[in-house]
Amino acid sequence: IMHAHGIAVFASAGDISWSKPTERYIPSLLLTFVQEFNQASDVQFKGMEFDIESYNQEGFAEASMTEKSLVLMEYLDTVDSLATSTSNYIAATSDKQFELGFSIPYWFDNQNKNIESLSWHDKTGPALYHLMDRLKQLPQSNVVVMAYRNAAQGNDGVIYHSRTEIEYAQAQARNVKVIIGFETNDVEAEKITFFGKSQNELYSEVDLLNSEYDSSGVLGGIAINDLDGYLALIAPR
């Protein structure tokens with residue numbers, strides 16, 4: 001039904017524990033299931049989108065930098081495993097349109113100074129750089145940056161919180177699409193959501209974001225969390 005309306009469909013799944021070595025088999029099995037579905041079906045998923053929020057594991061916020069780094073390197077190992085599986089699938093099927101994506105917090109670039117640079121695969125840098133460097137080896141990939149704010153401009157706005165992601169993709173990973181997330185549900189703090197505002201207010205901020213990044217060549221659009229929240233916004237008059 002979605003395809004009939006020109007809408008591409010991604011499979012989507014996530015859990016905070018899936019980056020742990022003992023749980024890594026779960027996202028791997030899900031990815032394999034989607035890829036096998038595509039091979040057997042007349043209609044296909046465009047790709048697979050993962051939301052593996054390892055940083056929400058119990059105790060992460062209070063952990064030492066060393067402990068945080070270990071958790072994030074487990075996350076990157078999971079990304080590496082899923083990207084390798086995707087590469088193998090593409091090699092076997094020639095389906096170069098299959099897209100692998102990951103939702104990430106805006107501070108994966110170390111912006112908040114709450115994580116350190118990581119040494120991973122013989123390189124040292126923020127988790128964001130390692131993630132994009134791995135994904136750029138695929139024909140199609142994306143990151144969904146959860147830069148949740150209800151204002152595009154300013155030093156705490158969506159543009160500011162997604163600038164490093166755009167700039168790194170431009171310079172080092174041009175085939176990794178950067179999709180910017182917007183929140184519409186009733187969550188705290190008030191500044192991160194459009195809940196209680198109008199669709200027109202959301203559109204105005206999206207227009208500002210597009211004006212800033214349209215020419216970058218790596219902006220992949222926006223992501224809305226979620227449909228129910230969006231439909232609850234005050235409709236245009």
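Predicted model: local features only at pLDDT ≥ 70, side-chain atom pairs only at ≥ 80, totals over all residues.
Student: Let's start with one residue. Where is the place of Ser54?

Tutor: Ser54 sits in the loop between β2 (47-50) and α2 (65-93). Helices (H or I, at least four residues) and strands (E, at least two) are DSSP runs, numbered from the N terminus.

Student: Okay. Is Ser54 buried or exposed?

Tutor: The general idea is a cut-off on relative accessible area: buried means under 20%, exposed over 50%, and partly exposed in between (1.4 Å probe, protein chains only). Ser54 has a relative accessible area of 1%, so it is buried.

Student: And what does Ser54 touch?

Tutor: A contact means heavy atoms within 4.5 Å. Leaving out neighbours within four places in sequence, Ser54 is in contact with Ile16, Ser19, Phe60, Val71 and Tyr75. With Ser19 there is also a side-chain polar contact of 2.7 Å. A polar contact is a pair of N or O atoms within 3.5 Å; within protein, one must be able to donate a hydrogen and the other to accept it, and residues adjacent in sequence count only if both atoms are side-chain atoms.

Student: Which residue's side chain does His161 join in a polar contact?

Tutor: That's Asp156, at 2.6 Å. His161 is in helix α4 (residues 158-172) and counts as buried, at 3% relative accessibility. Setting aside residues up to four places away in sequence, His161 touches Tyr106, Gln111, Val145, Ala147, Arg149 and Asp156.

Student: Now the strands. Which strand holds Gly47, and what does Gly47 touch?

Tutor: Gly47 lies in strand β2, and its relative accessible area is 0%, so it is buried. Beyond residues up to four places away in sequence, Gly47 touches Val9, Phe10, Ala11, Val34, Phe98 and Glu99. Sequence separation is worth checking against space too: Gly47 and Tyr25 are 22 residues apart along the chain, with C-alpha atoms separated by 18 Å.

Student: Zooming out, how many helices and strands are in the chain?

Tutor: There are 6 helices and 8 strands, running β-α-β-α-β-β-β-α-β-α-β-α-β-α from the N terminus on. The radius of gyration is 18 Å, close to the 18 Å that the globule rule gives for 237 residues, so the chain is as compact as a globular protein of that length. That radius is taken over C-alpha atoms, and the rule is 2.2 Å times the number of residues to the power 0.38.

Student: What share of the residues count as buried?

Tutor: Of the 237 residues, 46%. As for contacts between residues at least 6 apart in sequence, 73% join residues at least 24 apart.

Notes
Residues numbered from 1 in each chain as written. Heavy atoms only, no water.
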